[in-house]
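Please find below a short note for a colleague who is meeting this structure for the first time.

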Amino acid sequence: MDSTRKLWFGLGALLVASFAVLLWAGTEIFRAAPPVPERVVSEQGDVLYTRADIEKGRQVWQSIGGMQLGSIWGHGGYVAPDWSADWLHREAIAVLDGWSRAHGAESFRKLPSEQQGMLRARLETIVRRNTYNPESGTITVSAERAAAMQSVASHYVSLFGNGADTATLREAYAMRNDTVPDASHRQALTAFFWWTAWAAGTERPGVTGETLAPEQEGVVPQRVTYTNNWPSEPLIGNRPPPSLWVWSAFSVLFLIAGIALLGWHHARTHEEAPASFPATDPLANMRITPSMRATAKYFWVVLALFLVQIVLGAITAHYQVEGQNAYGYALADVLPYSITRTWHTQLAVLWIAVAWLATGLYIAPALSGHEPKFQRFGVNFLFVSLLVIVVGSFAGQWLAVMQKLGLENNFWFGHQGWEYADMGRFWQWYLFIGLLLWLTLVGRALWPVLRGPKTETRTVVGLLFLSTVCIGLFFASALMWGEHTHISEVEYWRWWLVHLWVEGFFEVFAAAVMALIFVRLGLVRASSASTAVLFATVIFMAGGVLGTLHHLYFVGTPTAVVALGASFSALEVVPLAYIGFEAYHTYRMGKATPWMARYRWPILFFVAVSFWNLVGAGLFGFLINPPLSLYYMQGLNLTPLHGHTALFGVYGMLGIALVLFCMRGLRGQVQWDTRALKTAFWCLNIGLALMAVLTLLPLGTLQLLAAIEHGYYYARSAEFMQKPIVDMLVWMRVPGDVIFSVGAVALAWFVFRLWVAARPVRAIDGLPEGES
């Protein structure tokens, strides 16, 4: 059995085993998920909430933007608080203040420390005790908690309405007045928020010794809440359980061991280079088919979506310092924060995805030399469908957030409220069908290579095709939940979409495309490329599939699933430790032969991908991935630090590099004035670095210190987020944002000139062909 066949066998076995374990983990998460009660009653028998109230409250929450306005269990936006942590803290303070008044003090904070400790111990007992009766489906709360719940509910009814007493908080949270205009909807919303806080503060039933810690006679074993004691809340004893400490330590060991093994592999293997390079660019005279030419409009849309995303990002960031306004204009009345953030995050995925989809449509006929019948029509039809999906889904989301769509229509046509999976179900089905059309178009163009005589490149083309199939089919994970599916189950499937689809199969697709480009350019042997791409896929998938679980530590996850997520998410970082080899190899390809100067800037964008893979995905990713780290960092600005540097730094830069390679084929016969490209490259990289170093990293670090010292609630509170130093750090984003925006405009200007101000190639001594 040759090495390629062994790698194929290993990849198949790895994927079967990994997905089997991932599916098993899903069943464990579903089993351990916090129950939704039929009724919530006080000890006196008063009905406080019903299941219908909680379900309706969740619908209301989703319709106003869901995770885009604050967060639930740590997943979502960063300006408004985490509503689970916020309710939990407010209810605890309300109970303590009530007891304190009985002791003759004005509030809990006015009591002596000894009495505070006594009341905290009493509070911990009543809050953490699980009073859910599975037979009747009833949760019973004490009279003190019932009164506190009503007090906190009144606060939220005012906050999401137009109450004068909460006007300052609405401004701090960047919430528009009358976010939920219907009073009954606001009341139902409080039921949903209470349930998420109840799950975060109530101990999960379990057998003795669930944590595997040795028992001590006379000491009650420590229990954890449904969310593994998240969030940190000193008032009720929510602190990291032993399992988070243990598996965080083991994740570091797995990382070190993985790096050592990969280092050994690098030491004993080397890539075989061609004996000689082509004298001229093999792609210079490539025949551009009608369907390949039709992809040009995709790249125009990519740039348009990119520019709009930047504008929306600037507006979203500015909301953090001016609340409901933008330079004095009441922008929240027209474009609320939850809408600008929705569109900003969605466009980030959409423009990158469109760039990669267009690359697939362009590269398939280029590799096979085959133009299937009606291929151009299919490319054009898919393009129109993508435009309809973007416009339709965005319009539905705006109508939903402005409360003009109605709860009965929101799930299908409005805003689902799940970050990165916000579009209504109708639009998700439409996009899924579009992706199936895309994989059909790519597959039928590649079919002659896949079915023809065996060639050295067929392995890489096969991986390209399989990744295309997975990209198309795995979007179906977005269709696995319904409007009333339990949140723990939704989160499980949502991260299949976000992690496996975006961070998994797109990565394999990109690796295969890059390898095929270098093979077609004659810079890498086909056999070497096949082995390298297969090995890279095996290494990435070894941690990537089960690494999905690191997003699910605090959504009702049992300890065994936490252990798997911690261990395998550490392995995701292993290949990134040697990313410098990839960067050097890519840079060397750019200097392998004089005519490669034509591809200098696409190559440099590939080098930038390697850099940000190390920094954004590797360093900043592992910073938050271990369970103990994420316990404190989830939902703080260290999360978008990883998100921005990994999503744009890796996938965005890669998308731009692929666009430029395709542009070389589509507009290779005109002169390329690369001064704008130089500006774009450096401004995009410097702007992203400044955004990370001047704002996200220091602000996230301050929040982390606050969360460790005072609890998670405080790190996300208006009291903390309105401090002058926070305002200063947010304003310090301006230089980086401006520089980044200049880079985006320069990139758009360069592509614009390729069509509008094109000049034929002319030979100039001392300059590469097509450069000026």
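The numbered points below describe selected features of this model.

1. The model is a predicted one, and its local features are reported at pLDDT of at least 70. Every value in this note should be read with that origin in mind.

2. Aromatic pairs number 56 across the whole structure. In one of them, the ring centres of W61 and F192 are 5.1 Å apart, and because their planes meet at 35°, the pair is classed as tilted. W61 belongs to helix α2 (residues 51–63) and F192 to helix α7 (residues 183–201), so this pair ties together parts separated by 131 residues in sequence. W61 is buried, at a relative accessible area of 1%, and F192 is likewise buried, at 1%.

3. A further pair joins F411 and W412, with ring centres 6.2 Å apart; the planes stand at 85°, so the arrangement is edge-to-face. F411 is buried, having 5% relative accessibility, whereas W412 is partly exposed, with a relative accessible area of 40%.

4. Which residues do ring pairs link into a cluster? The members are W61, W83, W87, Y156, F160, Y173, F192, F193 and W418.

5. The largest nonpolar core holds 257 residues, and within this core W83 and F160 touch the most other members. Helix α16 (residues 487–520) supplies the largest share of the core, 24 residues. As background, nonpolar side chains in soluble globular proteins tend to be buried together.

6. Beyond its neighbours within four places in sequence, W83 is in contact with W61, L69, G70, S71, I72, Y156, L159, F160, Y173, M175 and F193.

7. How do the axes of α16 and helix α17 (residues 526–544) cross? They come within 10 Å and cross at roughly 170°; angles over 145 degrees count as roughly antiparallel, and α16 and α17 are therefore roughly antiparallel to each other. On the α16 side, residues making the contact include H499, L500, E503, F505, V508 and V519. On the α17 side, they include A526, V533, T537, F540, M541 and G544.

8. Two charged side chains are placed over aromatic rings. The charged end of K297 sits over the ring of F383, at 5.6 Å from the ring centre. The charged end of R667 sits over the ring of W755, at 5.0 Å from the ring centre.

Key: Residues are numbered from 1 along each chain as its sequence is written. This is a predicted model: local features need pLDDT of at least 70, side-chain atom pairs count only at pLDDT 80 or more; totals for chains, interfaces and linings use all residues. Side-chain values use heavy atoms; hydrogens and water are left out. Rings of Phe, Tyr and Trp (its six-membered ring) pair if their centres lie within 6.5 Å; planes under 30 degrees apart count as stacked, over 60 as edge-to-face and the rest as tilted. Helices (H or I, at least four residues) and strands (E, at least two) are DSSP runs, numbered from the N terminus. Buried means under 20% relative accessible area, exposed over 50%, partly exposed in between (1.4 Å probe, protein chains only). A charge sits over a ring if NZ of Lys or CZ of Arg is within 6 Å of the ring centre and within 35 degrees of the ring normal. A nonpolar core is a set of buried Ala, Val, Leu, Ile, Met, Phe, Trp, Tyr and Cys residues joined through side-chain atoms within 4.5 Å. Contact means heavy atoms within 4.5 Å. Axes are lines fitted to C-alpha atoms, for helices over the stretch in contact, and angles run from 0 to 180 degrees between N-to-C directions. Angles under 35 degrees count as roughly parallel, over 145 as roughly antiparallel, 65 to 115 as roughly perpendicular and the rest as oblique.
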